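Work through these exercises with the structure open beside you. Try each task before reading its solution.

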Amino acid sequence: MKIEDLKTYTENTWCPGCGNFGIEFAAKQAFVELINEKKIKREDIVILSGIGCHAKIVDYINVNSFYSLHGRVPAPATGIKIANPELSILGFAGDGDAYGEGLVHLIFAAKRNSDITMVIHNNRNYALTTGQFSPTSPKGFPGRSTPKGSPEPPLNPLELMLVSGATFVARAFTGNPNHLKEIIKQAILHKGFSFIDVLQPCVTYYNTFEFYRKTVYELKDHDSSSREAAMKKVKKWNYLDGEKGKIPIGIFYQVKKPTFEEIILKEKKPYGLPIPSLKKLLKRHNS
Amino acid sequence: MQKEYSVLVGGQAGDGIKQAGNTIARLLNRVGYWVFVYEDYPSIIRGGHNFAIIRAHQQKILAHTDKIDILIALNQDTIEKHSERLKEKHLIIFDSSSTKAEGLGLPLGEIVKNKGLPQIVRNTAALGALASVLGIEFSIVEDVIKSSIKKKTKENIEVAKEVYDRAKKFENSFKLSVLKNQPKPLLTGNEAIALGAVKGGLKLYIAYPMTPASSILHYLAEHEDELNIATVHPENEIGVIGMAQGAAYAGIKTMIGTSGGGFALMTEHLSLAGQAEIPTVCVLSQRPAPATGVPTYTAQGDLFFALHAGHGDFARVVVAPGDIEEAFYLTVEALNLAWQFQVPVILLCDKHLSESTFSAEFDESKIVVESPKLWKGEGEYRKYVLTKDGVSPLAFPGDEKATVKSNSYECDEFGITTEDPQLVTKGHEKRLKKMKTIENELKKKETVKIYGNPKSDVVLITWGSTKGAVEEVAQTYNLKVVQPLYLEPFPIWDLRKHLEGAKKIIGVEVNSTGQLCNLLEFKGLKVDERILKYDGRPFTVDELEEKIKKIL
């Protein structure tokens, strides 16, 4: 399988130079490599998206997809995994999508360790609605809804995912698509909830490309099995603006825990079992 | 011999009134009576006032009456609140340790305390007294306790026996004739919905707790292993419907359940079901609204909400069972229709159906699980391929020949987003076609039920659980009853036929505006009178009798 095999016929409408291209490439390349390595099957891949610029990605990749609603990706993603645990589920969502509109679903998917991967296209603004501040915009962001500057400090989504119980927490940068591809591969292979915050410049409303290029560095000599070490590292950068210092990218945390689907489906898969007779149960209702 | 007996048992929350209602119902079921149990409780866990009315009849009944024969009082409050319900010939059974009244007073509290048992066992004691008064053999009481009380069963039986014997003075004062009928399963509406869903092929039930729908989740979670299903309780109702739709997209039959507030949260995804064509079955068990309303009571005020929830035009089915058998069979239908036509189906019921207990007669062999239209694996799979009936064949992820692209946007046949005006038009036309296809399917089914005297020119029209009281009153006055089972597509073809020639049409509903009456009028059918009730309580038979008498 080659990357061209995952192309659809539709025209790509992202702005030239958009960070989404890097994510699309990395995801496709990750799929191709995992398929060629026989680790997953093409027909078992399901991708999902929310609503926003990121979401068009499902139209551009020729695999099973579920174009969902704003903020809701983790909910149908979990439902698909419960329905068929053989599938590999990759949810794409934006920062406004996952950290704003649908934050509760993201936290609970992490909390229950659902075996899905969430890739957040974090361009730190609402771009498809023409440039408003998002949950990860720096304080003072001059968006169209906050012309005098955003009044709120940003969330640190990695810190939030760590305390929520995610068993795989990573950050990547679209300007380094091969590194991103490697992380996506590992996230897909990780059994449990995988979270990747992808720093993505928005060439039209918030072009952070040069800034990230100068500040990101890959984690080295980091013990990703230690929650304390991970917490220390994710706090190195709090999504503030005019940041001094550097932004680490890579896998901050990865541990193995039973997944939600394993727990609720137990040993049995109820789907293959027949519709039961109610005779015995009804007898207990009439004694 | 009396044909029917009504018993009211009351106490405070925590006294086990629900359990008392249940064991009394089992007792009367065991001696061959048809049973109906109404539960009335406030939204609190301890204190307040709870009661249950257990009505047993020689014939099938679907409602309770205001008037009662026997009042069982576990506290003084029960006497104060319910004495006026007592018929001329009556008996009060009360716990003389805590309550003053005339009748059969026994120190239930003391008896239980002396045996070192918790006060909740007083309701088993009361069961003993009741059985004695009704002249029911103690062995039946013993059986009922064995089958319904799992903790300290032996001690409970001892208490019941002591009280049974001490009630000698009133033994046989309401001597009931034991009937030859076989006991029937006693189920709540929610249990019937749960079991109907299982027989309809349900594999996954997902819900967030909300009265009065919660007991579907409780029941299915408790029995999931023997029913071959899984259950999930997610973060909120948006998570519920999103998860259910993900699972349905992957090919698993799911159902969700909630009440008005939770359904409000689900509406964006309901619209997604319309656009993306995802089979989505939602039980909407109504309670008084707006907003938090009166959480543990009943209403039929969400009909218009069910009909119109969700943005945009799309096909849906709204089906409204009114009794225990309808709850069972129509839930099978709800799953069938959702999967045959890939649409949202709302099973609209209310607290009165959900939480009341009925004698049930189910015939599992009558159930037909329809197969959805499946893709045959020829050519390239197109999830939204345009067809004559608007229904596209289904394929699911994991199929190596198909790429299954589901979309919340308007999309082309493959499921790729589009803004093209011609494709947008075609998308709408596809959904309109499905509305017509579903209507044609319903024309083959029973969509309206008729009771009473079919020749009467006075017609009572009602829906959902209210039909229980209406049907019985219609028998008394020899009137005709019309009950639409489906409210969308609205079976106007059937209703027109059944309402034709009526001199007087009287609508009976538990809401403040007469939503079904309004719907009928929108469709050009005039309703002459409206009997509406909106105090959170269902109609009782005697109450409705009075109201109809005034109109006739």
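Predicted model: local features only at pLDDT ≥ 70, side-chain atom pairs only at ≥ 80, totals over all residues.

**Exercise 1. Positive phi**

Find where K152(B) and N228(B) lie. Are they buried or partly exposed?

Solution. 
- Step 1: K152(B) is in the loop between α5 and α6 (153–166) of chain B. Its phi is near 50 degrees, a positive value in a residue other than glycine.
- Step 2: count the neighbours of K152(B). There are 16 C-beta neighbours inside 10 Å, so K152(B) counts as partly exposed.
- Step 3: N228(B) is in the loop between α8 (214–222) and β9 of chain B. Phi is positive here too, near 55 degrees.
- Step 4: N228(B) has 19 other C-beta atoms within 10 Å. A buried residue needs 20 or more, so N228(B) is partly exposed.

**Exercise 2. A helix and the contact between chains**

Describe helix α9 of chain B. Which element supplies the largest share of the side of chain B that touches chain A?

Solution. 
- Step 1: α9(B) covers residues 237–249, 13 residues in all. From first C-alpha to last, α9(B) reaches 18 Å, close to the 18 Å expected.
- Step 2: 13 of the 13 residues of α9(B) are buried, so the helix is largely enclosed by the rest of the structure.
- Step 3: G251(B) follows α9(B) and has a positive phi, near 100 degrees.
- Step 4: turn to the contact. Chain B gives 54 residues and chain A gives 44 residues. Elements of chain B that each supply at least two residues include α5 (138–148), α7 (189–199) and α10 (260–276). The largest share, nine residues, comes from α9(B).
- Step 5: sort the side of chain B by residue type. It divides into 25 nonpolar, 18 polar and 11 charged residues.
- Step 6: Strand β2 (residues 64–67) of chain A and β15(B) run parallel, joined by three bridges. F66(A) has S406(B) as its bridge partner.

**Exercise 3. One histidine**

Is H285(A) buried or exposed? Which residues does it touch?

Solution. 
- Step 1: H285(A) is in the segment after α11 (279–284) of chain A.
- Step 2: H285(A) has 21 C-beta neighbours inside 10 Å, so it counts as buried.
- Step 3: leave out residues up to four places away in sequence. H285(A) then touches P185(B), L186(B) and L187(B).

**Exercise 4. A five-stranded sheet**

In what order do the strands of the open sheet of chain B run? Why is one side of each edge strand left without a neighbour?

Solution. 
- Step 1: the order is β16-β18-β17-β20-β21, with mixed pairing.
- Step 2: β16 (448–452) and β21 (529–532) are at the edges. Each has a single partner strand, so one side of each has no neighbour in the sheet.
- Step 3: on average, neighbouring strands are turned by 25 degrees against each other, direction ignored.
- Step 4: β20 (residues 504–509) and β21(B) pair in the parallel sense over four bridges. One pair is G507(B) with R530(B).
- Step 5: helix α15 (residues 467–477) of chain B packs on the sheet. The strands it touches are β16, β17 (458–462), β18 (480–484) and β20. The direction of α15 makes about 160 degrees with that of β18(B).

**Exercise 5. Two partners of one strand**

How do β5 and β7 of chain A run against β8(A), parallel or antiparallel?

Solution. 
- Step 1: β5 (residues 168–173) runs antiparallel to β8 (residues 247–254), with four bridges. A170(A) is partnered by I251(A).
- Step 2: β7 (residues 216–218) runs parallel to β8(A), with three bridges. V216(A) is partnered by I247(A).

Terms used
Residues numbered from 1 in each chain as written. Chains lettered and ligands numbered in written order. Expected span 1.5 Å × (residues − 1). Buried ≥ 20, exposed ≤ 12 C-beta atoms within 10 Å, placed from the backbone. Contact = placed C-beta atoms within 7 Å. Nonpolar A, V, L, I, M, F, W, Y, C, P; charged D, E, K, R; others polar. Pairing = 2+ DSSP bridges. Axes fitted to C-alpha atoms, helices over the stretch in contact; angles between N-to-C directions.
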